[in-house]
Amino acid sequence: MASPATSTNYSIEKRPASYEPYEFTLPELYRKLAKEELREDDEIREQSLTQMREFIAKHPYIRKCRTDASFLLRFLRFRKYSVPMACEALERYLAMRETFPTWFKNLDCNEPVMRELLEDGMFTQLGNDADGRMVILFRVRLLNVDKFGPLVQGRLMALLIESLLEWEELQIAGFRVMLDFTDTVMKHYGLWGVSDMKIFMDAINRSYPIRFREIHGAKFPKFAVSILNLLLTFASPKLKERIICHNTVLEMKGKFDTSLLPKPYGGDLDPDELGRKFRKHLEDRRSAILALDEMDIDVAHYSSLWTQTNLVENEVEGGVAGSFRKLNVD
């Protein structure tokens, strides 16, 4: 899969004099998926972009915002072309970044801490499966928890999400996640406080326009189940439904085509080479991701979105017990 175009000259003028035309250039598989799953076709896409741009231009609280198709389509596709819901998602995304700038702004792949985390190999982008869905792998034990705390970990995740959203393939087909918890220790789980969990899970649940298709986890340790349960009290029911737990890594990797497995998992992919390619993608998109910080919204108007009540709205109704009736752990 080719990296997106490296243009970083995106205007943040909410009422530009003109808009660059959009051309759908992805393989036919994605055109078909966009139509069947998202109701997207050329006419609906253009109409929706026009409506969303009008919304931004007239919005009293949005001061600066990208209006190019490559940016707005991630929200339209996320909300399956419900323009009001896409506009609401955009507002929430902008407000989140302004409300928690230490988590979600100044995401620089060249920052020494970020570079070290990326080079440690915890994250690997494996490619796209036969259904067009991006597949990514996290080897959690490779996260240096003696050195990097929740804020740095959260910033890494934010950088990964922003960079992955640059691929239209992911916007349309979504992605599948493999989480390998082999040989993890208590410190991998115990560093996160409740406030950290709330901020991070709210971003995943409601603020980033990302489409999780499946989240596979293997070898999750018994000693950390209570922490996982606490984390998932802040997850939406839809996200919980996407979680699939496996007793073994062998069982988990059996759910994926062998062509998408790295060598440590019995496949042919070189994780070091994949890591270098992804870091090149980050470098190519570095200016575009940093330029997101120039967008602006009157954050005071949205402060109620992150009240205690809103953040823990999923904590009631029996917690997460129902979601883990089939949970298998070591």
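**Helix α3.** I started by listing the buried residues of α3: Ala 69, Phe 71, Leu 72, Leu 73, Arg 74, Phe 75, Leu 76, Arg 77 and Phe 78. Buried here means under 20% relative accessible area, exposed means over 50%, and partly exposed is in between (1.4 Å probe, protein chains only). The helix spans residues 69-78 and is mostly covered, with nine of its ten residues buried. Helices (H or I, at least four residues) and strands (E, at least two) are DSSP runs, numbered from the N terminus.

What do the buried residues of α3 pack against? I found α1 (28-38), α2 (42-58), α4 (83-99), α7 and α8. Contact is heavy atoms within 4.5 Å.

Ground rules before I go on: this is a predicted model, where local features need pLDDT of at least 70 and side-chain atom pairs count only at pLDDT 80 or more, while totals for chains, interfaces and linings use all residues. Residues are numbered from 1 along each chain as its sequence is written, and side-chain values use heavy atoms, with hydrogens and water left out.

**After α3.** I checked the backbone next. Lys 80 follows α3 and has a positive phi, near 50°. Tyr 81 also has a positive phi, about 65°, although it is not a glycine. Tyr 81 sits in the loop between α3 and α4, and is buried at 5% relative accessible area.

**Met 52.** I went to helix α2 for this one. Met 52 is buried, with a relative accessible area of 0%. What does Met 52 touch, not counting residues up to four places away in sequence? The list is Leu 72, Phe 75, Leu 76, Val 83, Ala 86, Cys 87 and Leu 90. Leu 72, Phe 75 and Leu 76 are also among the buried residues of α3. For a distance check I took Arg 155, which is 103 residues from Met 52 along the chain; their C-alpha atoms are separated by 29 Å.

**Gln 171.** Is this glutamine buried or exposed? Gln 171 is buried, with a relative accessible area of 3%. Its place is in helix α8 (residues 168-173). The side chain of Gln 171 reaches the backbone oxygen of Leu 165 at 2.9 Å. I count a polar contact as a pair of N or O atoms within 3.5 Å; within protein, one must be able to donate a hydrogen and the other to accept it, and residues adjacent in sequence count only if both atoms are side-chain atoms. Leaving out residues up to four places away in sequence, Gln 171 touches Leu 38, Ser 70, Leu 73, Arg 74, Arg 77, Leu 165 and Arg 211.

The contact takes 26 residues from domain 1 and 30 residues from domain 2. Between them the domains bury about 2500 Å², 60% of it on carbon and sulfur atoms. Buried area is the accessible area (1.4 Å probe) that two parts lose on being put together, summed over both. Which residues of domain 1 lose the most area to domain 2? Tyr 30, Arg 74 and Trp 103 do, together giving 33% of what that side buries.

**The annotated stretch.** UniProt's unreviewed entry puts "domain: CRAL-TRIO" on residues 110-273; UniProt positions are in the numbering used here, feature names are shortened, and annotations may be inferred rather than shown by experiment. I get 41% helix and 18% strand over residues 110-273, with the end C-alpha atoms 19 Å apart.

**Helix α6.** In α6 (residues 112-119), Met 114, Leu 117 and Leu 118 are buried. Seen down the axis of α6, the buried residues fall within an arc of 95°, so they line one face of the helix. That arc is taken over the directions from the helix axis to the C-beta atoms. The buried residues of α6 pack against α7 (150-164) and α14 (271-291). Just after α6, Gly 121 takes a positive phi of about 85°.

**Val 135.** Last stop, strand β3 (residues 134-139). Val 135 is buried, at 0% relative accessible area.
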